[in-house]
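Good morning, everyone, and thank you for making time for this. Before I say anything about it, please take a moment to look at the sequence and the structure on the screen.

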Amino acid sequence: MCITLSLLSQKGGVGKSTLTMMLLNALYHKKGFRVLLIDADYPQLSIYKKRQRELYVVANNPTIKKKYDKIYADRTPYPIIHCQLTEVGKTIEEHKENYDIIFVDIGGTINQPGIVDFFQAINHFFIPIFEDDLSIYSSMELYNILMQQVQPISDAFMGCKVLFNRVHARNQTQSIKDQLSEIDFMEQEVGAYKLYERFCRSTVFPMPKKKETEKFYQFVENFLQVIQVEKKSTIPLSTR
Ligand SMILES: Nc1ncnc2c1ncn2[C@@H]1O[C@H](COP(=O)(O)OP(=O)(O)OP(=O)(O)O)[C@@H](O)[C@H]1O
Ligand SMILES: [Mg+2]
């Protein structure tokens, strides 16, 4: 069965797109899952356009092209497609047979036309938050909407987790977790690292071998425990 998931927030700029790209990178290159990204963040399409920019660099830089050809001798980068939020359900139906995991990136807030259909097409929701109180309170609101209003009306719903992103010191998040015991937090957190803003979120090249990357892989293991996805095969799909 294909798992569908989305990172959501009420507040912008909490790392939805960054974490989506990092997770896709790790799940595809490190773990061998067949993954698809649907970019429904109109009109920005930030991840879709980032892929296009990266492929442009590959095509125009012989050194990078050589590296690319080595990695992609027998496959292509995981596909990134785009559609309007209102089309997400239909697009998932068209593709789900061919993938283990489909990510949907939506920009900004959940106050958009088509959001109810979108909610009903997603199995797992993840709400990234920063350590500041505005981020925490708006995410609690969203968490309650998903648990109390979406869960009862959606056959697809499998779970919702809040996760700390851009964490500087773990001991601070623990006290917040203790105070908000009604919220289902992910055990692992994502640290604040410059590397995550650059090489780690490439949509084309695997993450560099660095200690920051290893830390992120620990988060990925926790993420896989949450979504309980099974691999259909180890051979990645071709985009062609
Ligand atoms: N763990 C992290 N470490 C360092 N920087 C991070 C981390 N997570 C996110 N960022 C940075 O935070 C900024 C916002 O991230 P991003 O664009 O992914 O957020 P978003 O939730 O997708 O925003 P939007 O709501 O506009 O779509 C970016 O500059 C990104 O590089
Ligand atoms: Mg984004």
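I will go from the overall layout to the sheet, then to the helices around it, and finish with one loop and the ligand.

Please keep in mind throughout that this is a predicted model, and that the values I quote are computed from it. The protein has eight helices and six strands, and if you follow the chain from the N terminus, these elements come in the order β-α-β-α-α-β-α-β-α-β-α-β-α-α. The radius of gyration is 17 Å, close to the 18 Å that the globule rule gives for 240 residues, so the protein is as compact as a globular protein of that length. Along the principal axes, its C-alpha atoms fill a box of roughly 50 × 40 × 35 Å.

Let us turn to the sheet. The six strands form an open sheet with parallel pairing, and the order across it is β3-β2-β4-β1-β5-β6. Which strands stand at the edges? They are β3, residues 80-82, and β6, residues 159-164, and each has a single partner strand, so one side of each is left without a neighbour in the sheet. On average, and ignoring direction, neighbouring strands of this sheet are turned by 25° against each other.

Helix α2, residues 46-60, lies across β2, β3 and β4, and runs at about 135° to β3.

The helices also pack against one another. Helix α1, residues 16-30, meets helix α8, residues 211-227, at an angle of about 85°, with the axes 10 Å apart, and the two are therefore roughly perpendicular to each other. On the α1 side the contact is made by Met 22, Leu 23, Ala 26 and Lys 30, and on the α8 side by Phe 216, Tyr 217, Val 220 and Phe 223. Of these residues, seven are nonpolar, none is polar and one is charged.

At what angle do α2 and α3 cross? Their axes come within 6 Å and cross at roughly 110°, α3 being residues 62-71, and that makes α2 roughly perpendicular to α3. Here Val 57, Val 58 and Ala 59 in α2 meet Ile 64, Lys 65 and Tyr 68 in α3, a contact that divides into five nonpolar residues, no polar ones and one charged.

I would also like to draw your attention to the loop between β2 and α2, where Pro 43 is placed. The peptide bond from Tyr 42 to Pro 43 is cis, with omega near -5°. Leu 45 is in the loop between β2 and α2 as well, and its phi is near 45°, a positive value in a residue other than glycine. Most residues other than glycine have a negative phi, and most peptide bonds are trans.

Lastly, the ligand. How many residues surround ligand 1? There are 17, and the closest are Gly 12, Gly 15, Lys 16, Ser 17 and Thr 18. This shell is made up of five nonpolar, nine polar and three charged residues.

Technical notes:
Residues are numbered from 1 along each chain as its sequence is written. Chains are lettered from A and ligands numbered from 1 in the order in which they are written. This is a predicted model: local features need pLDDT of at least 70, side-chain atom pairs count only at pLDDT 80 or more; totals for chains, interfaces and linings use all residues. A residue is near a molecule or strand if its C-beta atom, placed from the backbone, lies within 6 Å of it. Ala, Val, Leu, Ile, Met, Phe, Trp, Tyr, Cys and Pro count as nonpolar, Asp, Glu, Lys and Arg as charged, and the others, Gly among them, as polar. Axes are lines fitted to C-alpha atoms, for helices over the stretch in contact, and angles run from 0 to 180 degrees between N-to-C directions. Helices (H or I, at least four residues) and strands (E, at least two) are DSSP runs, numbered from the N terminus. Angles under 35 degrees count as roughly parallel, over 145 as roughly antiparallel, 65 to 115 as roughly perpendicular and the rest as oblique. Two residues are in contact if their C-beta atoms, placed from the backbone, lie within 7 Å. Two strands pair if DSSP finds at least two bridges between them. The radius of gyration is taken over C-alpha atoms; the globule rule is 2.2 Å times the number of residues to the power 0.38.
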